[in-house]
Amino acid sequence: MAPLPLGRIIAQVIVPLIATLARALPAAYNQALQNARKNGASAATSSSAQSIMSRKVMPKDQALLVLNLTEKEITAEAIQKQYEKYFEANSVERGGSFYLQSKIYRAKEMLDDYIKETKQQEQQDDDDSKNRNKINGTVVESSGVDEKQTMTSKKMMSMITIMIMIMMNVIILGIQKRI
């Protein structure tokens, strides 16, 4: 039995390798895209939340305790009233503590941001409900950018797959001509 030509051996190694890559690359790209959407969605929920998270923030339940509020009492007026009351009571000029004043200030800041985020979320929910379109009697939600990104990524993946298949054919034809 004669030894196989070098070109045939290379073709037998390269073709399955390229075929595997042609299947693995789109799957890996889709997974990376999903991970980016997950991370991007949480970061894009509110830009103020991202800037807040970059520094140490008092938890909401601790802020409620500091200002002596309950979950049901969270309003801008109630927060401001409790803030002024406790901030003045702990004034350094009156023998109070700067540390406690800073805690009171941070609690107010956190709850103000919480109210702002809640309003933004409500507004976004209202906008999403307005974006519903009736098509042939069925309600279809339009998610705007996500649909465009999905279509773009699908087109890119199909183009990449086609390019890989063309490259495989060129390599195979080149090897076959040498054999």
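Student: Let's start with Asp 128: does it count as buried, partly exposed or exposed, and why?
Tutor: Keep in mind that this is a predicted model. Asp 128 has 39% relative accessibility, so it counts as partly exposed. The cut-offs matter here: buried is under 20%, exposed is over 50%, and partly exposed is in between.

Student: And where is the place of Asp 128?
Tutor: Asp 128 sits in helix α5, which covers residues 98–130.

Student: OK, zooming out. How many helices and strands does the protein have?
Tutor: Six helices and two strands. Along the sequence the pattern reads α-α-α-α-α-β-β-α.

Student: What percentage of the residues is buried?
Tutor: Buried residues account for 18% of the 179 in the protein.

Student: Give me one of those. Why does Ser 91 count as buried?
Tutor: Its relative accessibility is 7%, so Ser 91 falls under the 20% cut-off for buried. You'll find Ser 91 in the loop between α4 (76–89) and α5.

Student: What does the side chain of Ser 91 make a polar contact with?
Tutor: With the side chain of Glu 93, at 2.5 Å.

Student: Switching to charges. How many salt bridges does the count come to?
Tutor: Three salt bridges. One of them pairs the side chains of Lys 60 and Glu 71, at 2.7 Å from N to O. Lys 60 lies in helix α3 (residues 60–66) and Glu 71 in the loop between α3 and α4, so this pair ties together parts that are 11 residues apart in sequence.

Student: Are Lys 60 and Glu 71 buried or partly exposed?
Tutor: Lys 60 counts as partly exposed at 23% relative accessibility. Glu 71 is partly exposed too, with a relative accessible area of 44%.

Student: What does Arg 106 pair up with?
Tutor: Arg 106 forms a salt bridge with Glu 109, 2.7 Å from N to O. The two are three residues apart in helix α5, so about one helical turn separates them. Arg 106 is partly exposed at 40% relative accessibility.

Student: And which residue does Asp 112 meet in a salt bridge?
Tutor: Lys 108, with 2.7 Å between N and O. Asp 112 and Lys 108 are both in helix α5, four residues apart, which is about one turn of the helix.

Student: How do Asp 112 and Lys 108 count, buried or partly exposed?
Tutor: One of each. Asp 112 has 27% relative accessibility and counts as partly exposed, while Lys 108, at 14%, counts as buried.

Student: What about Ala 22, buried or exposed?
Tutor: Buried, because its relative accessibility is 9%. Ala 22 is also in helix α1.

Student: Last one: how far apart are Ala 22 and Met 163?
Tutor: In sequence, 141 residues; in space, 9.3 Å from C-alpha to C-alpha.

Notes:
Residues are numbered from 1 along each chain as its sequence is written. This is a predicted model: local features need pLDDT of at least 70, side-chain atom pairs count only at pLDDT 80 or more; totals for chains, interfaces and linings use all residues. Side-chain values use heavy atoms; hydrogens and water are left out. Buried means under 20% relative accessible area, exposed over 50%, partly exposed in between (1.4 Å probe, protein chains only). A polar contact is a pair of N or O atoms within 3.5 Å; within protein, one must be able to donate a hydrogen and the other to accept it, and residues adjacent in sequence count only if both atoms are side-chain atoms. A salt bridge is a side-chain nitrogen of Lys or Arg within 4 Å of a carboxyl oxygen of Asp or Glu.
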